[in-house]
Amino acid sequence: MLGICLNCGNTEWDKVVDGNKIICPKCGAARTFVKLPFYVITGCSGIGKTTTAVALQKLTRDFIIQDVDLFYNVMQPQTEEENLDMLEQVFNISKNMTQSGKPVVWTMAGSIDKLPHTYGKRFFSEIKVLALTADSEIIRKRMKEGRGITDENWIESSVNYNEYFRTHSTIGDTSFETLDCSEGTPAEIAEKVLKWLEKNDK
């Protein structure tokens, strides 16, 4: 909806965004929109992003909780360009959702470093990322026992990705905060995530 000029019907991805105004480059028409933060909950495979998101949905109606995995049902990005295309669709859907006045929170494992390099980011006031982390042995246990994963390469890749989040504060040009979820029930972790969201949403 925000991608369509209400004056001339231009549907191209060429709108100019100035603060909370969208300006059509073809006819010059402008309109205001609700500009909110864009939230991401990230972390390695098996860390509990989806489980936390489900628990988070039960705690709040102030945020719209979504899982980026839904896009993998309709597209399978294999290249950097395809990953960027998918992120653009994430932003495209999100900018329309936020017109309800509620921020969108996405669970997303990869492509975090690409977020600042999208066209869609301009429709949001800022990008805030929280990485869920845990001890390495807990990651291995969750992947093997919780998800039945036996691929050792996948498991080690997850452990290494988790360790990156534990030892850094940026990935590419994207800054992130961390939350250790080695201990606690999904509901307890979700409570901490909600506090983080509320703190950043002021």
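This is a predicted model: local features need pLDDT of at least 70, side-chain atom pairs count only at pLDDT 80 or more; totals for chains, interfaces and linings use all residues.
Close-up 1. With a relative accessible area of 3%, K15 is buried, because buried means under 20% relative accessible area. Two backbone oxygens lie by the side chain of this lysine. That of E12 is reached by the K15 side chain at 2.6 Å, and that of N10 lies 3.1 Å from a polar atom of the K15 side chain. Not counting residues up to four places away in sequence, K15 touches G3, I4 and C5, together with N10.

**Close-up 2. Packing of helix α1 against helix α5.** Two packed helices are described by the angle between their axes and the distance between the axes. Here the axes of α1 (residues 49-57) and α5 (residues 186-200) come within 8 Å and cross at roughly 75°. The two helices are therefore roughly perpendicular to each other, since angles of 65 to 115 degrees count as such. On the α1 side, the contact is made by T51, T52, A55 and L56. These residues meet P186, A187, I189, A190, V193, L194 and L197 of α5. By class, nine nonpolar and two polar residues form this contact, with no charged residues.

**Close-up 3. The buried face of α1.** K49, T52, A53, A55 and L56 are buried in α1. Seen down the helix axis, the buried residues of α1 fall within an arc of 165°, so they line one face of the helix. The elements covering these buried residues include the strands β4 (38-42), β5 (64-67), β6 and β7, and also helix α5.

**Close-up 4. N20 in the loop between β1 and β2.** N20 is located in the loop that links β1 to β2 (21-23). This asparagine counts as partly exposed, at 38% relative accessibility. Leaving aside neighbours within four places in sequence, N20 is in contact with R31, T32, F33 and K35. N20 and F123 are 103 residues apart in sequence, yet their C-alpha atoms are 7.7 Å apart in space.

**Close-up 5. S111 in the loop between β6 and β7.** S111 belongs to the loop between β6 (104-107) and β7 (127-133). Its relative accessible area is 12%, so S111 is buried. Apart from neighbours within four places in sequence, S111 is in contact with N83 and L87.

How values were computed. Residues are numbered from 1 along each chain as its sequence is written. Side-chain values use heavy atoms; hydrogens and water are left out. Buried means under 20% relative accessible area, exposed over 50%, partly exposed in between (1.4 Å probe, protein chains only). A polar contact is a pair of N or O atoms within 3.5 Å; within protein, one must be able to donate a hydrogen and the other to accept it, and residues adjacent in sequence count only if both atoms are side-chain atoms. Contact means heavy atoms within 4.5 Å. Helices (H or I, at least four residues) and strands (E, at least two) are DSSP runs, numbered from the N terminus. Axes are lines fitted to C-alpha atoms, for helices over the stretch in contact, and angles run from 0 to 180 degrees between N-to-C directions. Angles under 35 degrees count as roughly parallel, over 145 as roughly antiparallel, 65 to 115 as roughly perpendicular and the rest as oblique. Ala, Val, Leu, Ile, Met, Phe, Trp, Tyr, Cys and Pro count as nonpolar, Asp, Glu, Lys and Arg as charged, and the others, Gly among them, as polar. The arc is that of the directions from the helix axis to the C-beta atoms.
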